[in-house]
Amino acid sequence: MRRKAICTIGLALLTTLCLNAAEYNFSARTRAYVYAMGGNFHLTAAGSGLWHEAAPADDGFSLTGGIGFSLLNVNNRFFLNLEADYTDATLQYRGTHGRGVNVWAFMLQGEYRLGRVSPVSVYVGLGVGVIDKDAAIVPGIGDDWFQVDPVTEATFAGELGIKVSVAKRLMLRAALRFYSVSSGYDGIDYWGGYWDDYWDVWVDDYSSELYATSFMAGLEVHF
């Protein structure tokens, strides 16, 4: 009986200490932080500008470094963060030495902590990504080759991610980010679209196309 009581008290104390540690670790985060991540970067057919005329780009390894600042902290459960980061990637086309891609991203991020003592939080981000693509010679159909010029384009950026507090002021983070562009229909403004009687379809003013995707994982360090 005494042994059972001692085990029960010990288990209760251990549980309390673990909960306090989780709360302490997560609460130790500060407003300013930096992060570094590695992952996979992919240009779609629209993003590469090659469409069906050339072999698609293989996924390339990317490195991302950034800084962040918490604009708002509500009861240590909801955070509104502002982040800016830079991504460097090299995409390999079949039979080529690759094409360099650089991305500047500026994100406004809403983060929600899952529970009062939970070290886990999820976040959603919206912002702008400026994608710079180097010139390259890429293979086409058969023996054809294409010369692609350097291009810099601004895109809409969105992301879904997760953060896990693992130590005082140290978090693991991972995210799926996507970039898209909108283009007008033949440069004509139809005030919201029009009905095409020939094709019997509704034609919108603008169409949105997926430009690039990126999966990243790494560390976040708070000052």
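This note walks a new reader through some strands, turns, a core and a surface patch.

1. **Ground rules.** The model is predicted, so to speak of a local feature a pLDDT of at least 70 is needed, while side-chain atom pairs count only at pLDDT 80 or more, and totals for chains, interfaces and linings use all residues. Residues are numbered from 1 along each chain as its sequence is written, and side-chain values use heavy atoms, with hydrogens and water left out.

2. **Strand E4 and its partners.** Helices (H or I, at least four residues) and strands (E, at least two) are DSSP runs, numbered from the N terminus. E3 and E4 run antiparallel and are joined by 14 bridges; strands count as paired if DSSP finds at least two bridges between them. Thr90 stands opposite Gly100 in E4. E4 also pairs with strand E5 (residues 120–133), again in the antiparallel sense, over 13 bridges. Leu108 has Leu126 in E5 as its bridge partner. The hairpin of E4 and E5 has 6 residues between the strands, and Gly115 takes a positive phi near 105° there.

3. Ala84 is 21 residues apart from Ala105 along the chain, and their C-alpha atoms are separated by 5.7 Å.

4. **The loop between E2 and E3.** Strand E2 (60–74) and strand E3 (78–91) have a loop between them, and Asn75 lies in it. Asn76 lies in the loop between E2 and E3 as well. Phi of Asn75 is near 55°, a positive value in a residue other than glycine; for Asn76, phi is also positive and near 55°. Asn75 counts as exposed because its relative accessibility is 69%, whereas Asn76, with a relative accessible area of 15%, is buried.

5. **The largest nonpolar core.** This core has 18 residues, of which Phe41, Leu43, Val101, Ile131, Tyr179, Tyr211 and Ala212 touch the most other members. A nonpolar core is a set of buried Ala, Val, Leu, Ile, Met, Phe, Trp, Tyr and Cys residues joined through side-chain atoms within 4.5 Å. E4 gives the most to this core, with 4 residues. Not counting residues up to four places away in sequence, Tyr211 touches residues including Leu43, Ile131, Glu153 and Tyr179.

6. **A nonpolar patch on the surface.** Which residues form the nonpolar patch? Phe69, Leu71, Leu72, Val74, Phe78, Leu82, Leu108, Tyr112, Leu114, Val122 and Ile162 form it, with about 900 Å² of accessible area together. Accessible areas come from the Shrake-Rupley method with a 1.4 Å probe; for residues, only the protein chains shown count as cover. Patches are made of residues with over 30% relative accessible area and no salt bridge, with like charges joined within 9 Å and nonpolar side chains (Val, Leu, Ile, Met, Phe, Trp, Tyr) within 5 Å. A salt bridge is a side-chain nitrogen of Lys or Arg within 4 Å of a carboxyl oxygen of Asp or Glu. E2 gives the largest share of the patch, 4 residues. Phe69 sits in E2 and counts as partly exposed because its relative accessibility is 40%.

How values were computed. Buried means under 20% relative accessible area, exposed over 50%, partly exposed in between (1.4 Å probe, protein chains only). Contact means heavy atoms within 4.5 Å.
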